[in-house]
Each structure stands twice: as structure tokens, then as C-alpha cells.
Amino acid sequence: MNAFICAEKVRFHYDNRADMLSGPVLDDIDLNIERGEFVAILGHNGSGKSTLAKHFNAMLLPSGGRVLVSGRDTADQNELYEIRRMVGMVLQNPDNQIVSTIVEEDVAFGPENLGVEPSEIRRRVDEALKAVGMLEYREHAPHKLSGGQKQRVAIAGVLAMQPECIVLDEPTSMLDPQGRKEVLDTISRLNRERGITIVLITHFMEEAVLADRVVVLENGRILLQGHPREVFSDIERLRQVGLDVPQPAELCHQLRRAGVPLPEDVLTAEECVEALSLLLEESYAGN
Amino acid sequence: MRDIALGQYFPGNSFLHRMDPRVKMVLTFLYIFAVFIPRNWVGLCGAVAFLAIAVLLSKLPVKLVLKSIKPVIPLVLITSALNIFYVSEGTAVFEWWVIHITTKGLITASFIAIRIICLIAGSSLLTYTTSPTTLTDALERLLSPLKIVRLDVHELAMMMTIALRFIPTLIEETDKIMSAQKARGADLESGGPMQRIRALVPIVVPLFVSSFRRASDLATAMECRCYRGGMGRTRMKQMKMRAADILSAAVVLAVIAALFALNFFIRPVL
């Protein structure tokens, strides 16, 4: 009961006939997210992962069941803005979530809406821009920044509201590899250093590896959840629902099937290299 | 196409840059009005001199201010020509067939030309020294008395800010769509006017569709960041009227009074 975000038997369907026929978008989701946790929600298109994310900050309300954020029901209109302040959201398209023509004014947008004192807004804006490493760009025009920089500005905009949790809805899917790395480094750091709860919606397996826990959604239900190592060792099951596993895990899985004795919980390229070199050393020693 | 609208603002730290944008805006309007007061050369020269001093105070390159006049040159020429040919009072300096050019016509024409140039240069000085967001902010605050007549000034200003924000994004998008359609064999450059207009359809339609998607995304993002209209909203950047602003206002009012006075003391040429 003490989890930061509690989803209890959440069902959701859109109110039009076509969607009614195809069944609910979310079907009996039970999910607890603890304070300070880094959770990745995986699933391919149409699995309901973005819909679920929008329930965490009351952008959508469940058709059945309920969502509690820090003990507050998202259906309670009086708590709406407090919930949205606590649970900030970063969207997929970096261009479509920046409101102002100057970076620092955009970061100020959230606290301005909350009615924070001007001097306090100034302090928070500078602090938030510093936290994402964009302080020197504070007077730039957003359209001249790269995709990764724009997403970091969007993260700063959320940080300036002093949230406890940030929900990121496929924040890297429109970025180049460099931008992707910038954004992921930023959110991992915020999670580690400030204890901000992170919910990362993604379809990139490599990103999910960074999380403390991976939740795999399929057809609006939770298919698998657990530590990335457990989840990605279940390769057959992931493949059934059309998800790829991280390439190093895939490689080790193939090698294991070919009879090479490798451990089952390899996730990153470094771990893969290590496991292989260990194996090579052993076989040399054996000869 | 990339240079339009937003390239207007030139950041700086001059006297004009630091002025309260509300005062700057009101004074610019007053100046535009003032340019039409003088009916004699002394007053007109005074108005031009005032502008020259303002340009110097802005520390902007004079070339930039001259460049702002360029687009209105045709307008200036046409209005001058009309005045030269249609004013028939005064002594004739040139007569041929139906054309009578009189001294009065020449004077009216040059007055009009100088007034238009001052008007354009003066207002571009405002946009050169004030960022678009600051301008809309100032407008929001200046128009706030209109709340009494139930006009939502905040929403108006927010719409302007968003429009300014998305102009470069949409221009970029238009370029992208044009390239994409050209790559598919769209011919945008040949044919008569009707054919060219028709050729724009495959560009405008995707642009509209994506704009609606952007609008919906932006609305979601704004809601996520607790936007709920102008009620209870604070602003990071406060506008403060300083002594210098009051002084500038006094100077502008004095100039206007002087221009009126000159009309009484000097025989009008107009």
C-alpha cells in the first residue's frame, strides 16, 4: 500500500464503438511503483504502454479500478494539479512539447502555472537547466537545438516543478544515437543522484536494461515483469510477443543453443565480452 | 524562407534593450503618431533627428535599420508619385500634356515619404530590441484592462507566443514535405498560376495534418505541466519601470508637445 504509484485492477477502453469491439486497451493491470525506482515499461505498438503511462499523471482516468499516486486517487479533481506536479511527463516528440521561444522561459512554464514566486522560479530554472547540462543554452531558441538537447530541455521543464517521479513516453524514439545517449544518461543520473522515480516507456531493449525492473505489456496485460536479467533470459517468451532481446543476450542465447556453456543472464556488450573471454581463458587452461 | 519573422530580434544590452517593454511599446505608438504632427520642415527634421538618436541609443548597426526600410520602398515611391501627379495647387514647376508638377505636390510627396520611412524604422527598432516573447508579454500586460470586457488577454498572448514558437518548426516541416513531394516527382515550378496553386495541394494537406497532430501533442504537454489558463499564474520575468523609463516617456511627450508648438510658430508648408 505504501508504493508511490499504485495501479489497482486498472481497465481502460476508449468510448467509441471500434475500440469497444477490439477489447479494452488496458485489462486488469496491477502494478506498484516504489519511490526512487527506475521502471522500464516495454511493449510493441498497441500494447497499451503509452495509455498506461498517461494514467500515472491523470491525463487519462481508468474506466475500471483506480490509480493512486502517493495515496491520492487520480480520479479526484481536487488533487489533479498536485498529481501532475509530482508526476512530470516527457513526451515522444521533442518539438511538440516546448511552448516558448526561449529555453529558460520554457523551463519556467511549469512553475509559472503553479503560481510559484518569480525569484523562486528563477532559482529553479537555473538549477533544472544545470541538472540536465543545458545552462549555457538558457537564452537560445529551442528550434536551433538538437533533438537530444530539446528533450533535455523538456526534462528540465519537468524538473523545475520539483517532481517526485518522471514518466518518459518513448523519449528517445525520434532521436539519433548521440541524442539517445544524452537523454538516457540524464535520466539515469537523476534517478541515481536525486532519487527521482523514473518510469521509462520504450521499445528499445537496450534502454530497458538500465532499469531496476522491466514490465512487459502485451495486449493491455502485464506479460512479464522482473529484473532485466530475469526478463531478458526468457528469450522464447519475448520473441512470441514480437519483442527483440538486446543483441548481446541474443548472441549468448544462440551460442548456448549451439552448446557453448555461457551464463543465461548476460545483458550488455561488456558482460558478453567478459563471459566470452572467461570461457576462452578456461579452454586455454584446459588445453 | 528561413529568415522571416523570427530573425527580427537582435539581442543586446543597450539602453533601448533594457527599457521596460511596455513603455517601449507605448512610446513607439506615440512616436508613430508624432511623425504625423509636423507641418513644417523644422518639425519634420526634429522627428527624424529623434529617430536617429534612438538608433544610436540602440547600438544597432545603422545598416540594419536601413534594411528594414527596403521592403516599403515601392510603397513610398507609389504614394510619392501619386502626390506629385495629383496635387495641383501651388506654383507649377513642370507642365507637359496632362502632367502638372507643382511645388506643393513635391513638398507633400517628400513629407509622406519621410513619414512612412520614420514610421517603419521606428517600429522595427521596437522589434529589433525586444524579443518576441517579451513583446507578447508586454502586450498581455498592456491589454489587461480589457479583462473587464471579458476579453481573455492571457489566451490571446499565449496564442501569439505559440504561433511565434511554431513558425520556424512549420517552415522546416514545409521544406521537408516539399523535398519529399519533389522526390516523388511533384512539379512545383512550372505551369500557369492555376497549375501552380494546384501543385501546392500535396504540400498543404500533409502540413495541415501534421499541424493538427502537433497541436494535440502540445495541448497534452501543456496539461502535463499544470497549465490551466491565466488564473493564478505567475511570471519568472517581472517587468519593472525604472527611472530611465519614466524619463524616456517624459522626453517623448516633450517632443510631441514641441512638434505641436512648432506648428503654431512656424508657417506650415503643407
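**Where chain A meets chain B**

Modeller: Let's start at the meeting of the two chains, where 33 residues of chain A are in contact with 27 residues of chain B (C-beta atoms, placed from the backbone, within 7 Å). Please keep in mind that this is a predicted model: local features need pLDDT of at least 70, side-chain atom pairs count only at pLDDT 80 or more, and totals for chains, interfaces and linings use all residues. Residues are numbered from 1 along each chain as its sequence is written, while chains are lettered from A and ligands numbered from 1 in the order in which they are written.

On the side of chain A that touches chain B, at least two residues each come from helix H3 (80-86), helix H4 (103-113) and helix H5 (118-131). Helices are DSSP runs of H or I with at least four residues, strands are E runs of at least two, and both are numbered from the N terminus. H4(A) gives the largest share of this side, six residues. Sorted by class, the side has 15 nonpolar, eleven polar and seven charged residues; Ala, Val, Leu, Ile, Met, Phe, Trp, Tyr, Cys and Pro count as nonpolar, Asp, Glu, Lys and Arg as charged, and the others, Gly among them, as polar.

Eleven of its eleven residues are buried (20 or more other C-beta atoms within 10 Å of the residue's own). The buried residues of H4(A) include A:Val103, A:Val107, A:Ala108, A:Phe109 and A:Pro111, and also A:Glu104, A:Glu105, A:Asp106 and A:Glu112. Their cover comes from both chains: it includes H5 and helix H6 (147-159) of chain A, together with helix H7 (132-143) of chain B. After H4(A) comes A:Gly115, with a positive phi near 75 degrees.

Now let's step back to chain A as a whole. Its domain assignment, which is automatic or from a database, gives domain 1 (5-245) and domain 2 (246-287). H4 (103-113) of chain A therefore falls within the bounds of domain 1 (5-245). Taken over C-alpha atoms, the centres of domain 1 and domain 2 of chain A are 34 Å apart. Their contact takes nine residues from domain 1 and eight residues from domain 2. On the domain 1 side, helix H8 (205-208) and helix H9 (228-233) of chain A each supply at least two residues, and H9(A) has the largest share, four residues. This side is made up of six nonpolar, one polar and two charged residues.

One meeting of helices in chain B brings B:Val23, B:Leu27, B:Leu30, B:Tyr31 and B:Ala34 of H2(B) together with residues of H10(B), including B:Ala249, B:Val252 and B:Ile256. Across chain B, 23% of the 270 residues count as buried, and its C-alpha atoms fill a box of roughly 65 × 60 × 40 Å along the principal axes.

Methods:
A residue is buried if 20 or more other C-beta atoms lie within 10 Å of its own, exposed if 12 or fewer, and partly exposed in between; C-beta atoms are placed from the backbone.
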